[in-house]
Amino acid sequence: MSAPLVVVGDVLLDVDIVGTSSRLCPDAPVPVVEQAEERPRPGGAGLAALLAAADGREVVLVTALADDDPGRRLRAMLERHVEVAAFHLHGGTPCKLRIRSGGQSVARLDAGEGQALDGPVGPRVTDAIAGAGAVLVSDYGRGVTRHRAVRSLLSALPRGVPIVWDPHPRGEPPVPGTRLLTPNEEEAARLAAADGADITGFGLSAAGRRGRHLGRSWGLEGVAVTLGSEGALLCDGSEAPFLAPAQPARGDSCGAGDSFAAGTVEALADGGTLAGAVTEGVRRASEFVRAGAAAAVATQLAETGTARLVPERGEDAWDVVERTRRAGGTVVATGGCFDLLHAGHVSMLQQARRLGDCLIVCVNSDASVRRRKGPTRPVTPAADRVRVLEALSDVDAAVVFDDDTPAPLLERLRPDVWVKGADYAGTILPEAETVRAHNGEVVLLPLLEGRSTTRLLSTTKGNAS
């Protein structure tokens, strides 16, 4: 796409106050957050524009900015990455401040009730929208999409320019010619109800009915209802909607909708189909959450003044550990062969994950398994064992080691908690000293009786004979 991608919408200043908390306030039952530092970032359409520009694409942000300190801070952060074409915002810049500790939000404070009111927008805004190769409308209900001049410019775009509209319950309906609407489940329910549809219930069925209603009522080519960890459901007039499933991604989801919308509009700008665009949007959103979401953007901006913004594919165990520790979380690890995954494995992994904020599984290599179990093992090669483990929602990452014990790997990993099964009770774990040397703890978890890979294989051989 030679013409720029234009993001149109409301910008907010998001600020994370990140610290640690180990005690309650003596005069109220609230946590005391200490060693706090401020991490500001653009929110709303500003975050969507940054994400769209992350891979080097030319992006122009059309928005309304106030001439106040938050507005000036936003402009300074944004102009490092995108071209900003702004008109006047009446009132204070909207600000959202989140106080966070241990990877969790403790409280949120909102300020600034600025609104984009009708009036002149200036030639930069006019030229930006008129010259767009694709448009993402990021509506946060602050008036940019209600502005008559902005709506007129969007409505006048040629049919070949794809428009993706990310709506807001307090925002405006999409302009004629919009190709894709991207509400989440709650937004789709509110929008359909406001449009007179009596659709009750939750889940895929209700999302499909609401998506089809909005598509018909507003004359849209497609409606993609985002479903969080389940992915997104595309209703495009086909007999059956298309579901793009999400990859497992655990953590703060703040900004995931912006990441999804940016991914879809980029795919459409490059000539993709609606189904392909929704699939790409889900992939981008999953990776965004897995890499720390909007909080990670704030951290990168604070530390370097720039941001990678879109996480690289294939986040490995070390990325997970770094992200968890950066957020003040607890790293849990366990290990084993996991040759034939069975209910006993699943039970232990579920219990282990509940002990902290991420679970890393240390997997014996094929050579390591042969040394421990004999020449007929493993049944399943290491790459397949890792793939199966990482498909489990309780596993954040798996890493293969070739030593006879995981101690050398744990020297680098340094988990806060190392988990083994209760069948190791009374035995000496050679890796325990390594874990404790770095202030970690070793715990044993109960097993499901009668479940083991050895027993499973012997039963299978007995039946075969």
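**View 1. Strand β1, tucked inside the predicted model.** Five of the five residues of strand β1 (residues 5–9) are buried, so β1 is largely enclosed by the rest of the structure. Buried here means under 20% relative accessible area, with exposed being over 50% and partly exposed in between (1.4 Å probe, protein chains only). Strands are DSSP runs of E, at least two residues long, and helices are runs of H or I, at least four, numbered from the N terminus. This is a predicted model, in which local features need pLDDT of at least 70, side-chain atom pairs count only at pLDDT 80 or more, and totals for chains, interfaces and linings use all residues. Residues are numbered from 1 along each chain as its sequence is written, and side-chain values use heavy atoms, leaving out hydrogens and water.

**View 2. The two faces of β1 and its partners.** In a regular strand, side chains alternate between the two faces of the sheet. Leu5, Val7 and Gly9 point one way from β1, while Val6 and Val8 go the other way, and all are buried. β1 pairs in the parallel sense with β8 (residues 134–138) over five bridges, and valine 7 stands opposite leucine 136 there. With β4 (residues 59–65), β1 makes a parallel pairing over four bridges, where valine 6 sits opposite valine 60. Two strands count as paired if DSSP finds at least two bridges between them.

**View 3. An open four-stranded sheet.** The strand order is β3-β2-β6-β7, with mixed pairing. β3 (34–44) and β7 (104–111) stand at the edges with a single partner strand each, so one side of each has no neighbour in the sheet. Direction ignored, neighbouring strands are turned by 20 degrees against each other on average. β2 (residues 11–20) and β3 run antiparallel over nine bridges, and leucine 13 has proline 42 in β3 as its bridge partner.

**View 4. The largest pocket.** Its volume is about 1100 Å³. Of the 45 lining residues, Asn184, Ser253, Gly255, Ala256 and Gly257 are the closest to its centre. The elements giving two or more residues to the lining are β2, β3, β6 (95–101), α5 (185–194), α7 (256–269) and α8 (274–290). On a 1 Å grid over the protein atoms alone, a pocket is an open set of points where a 1.4 Å probe fits, with protein on both sides within 12 Å along at least five of seven lines, and lining residues have an atom within 4 Å of a point. The volume is the space filled by probe spheres set on the points, which are joined across faces, edges and corners.

Definitions and conventions. Axes fitted to C-alpha atoms, helices over the stretch in contact; angles between N-to-C directions.
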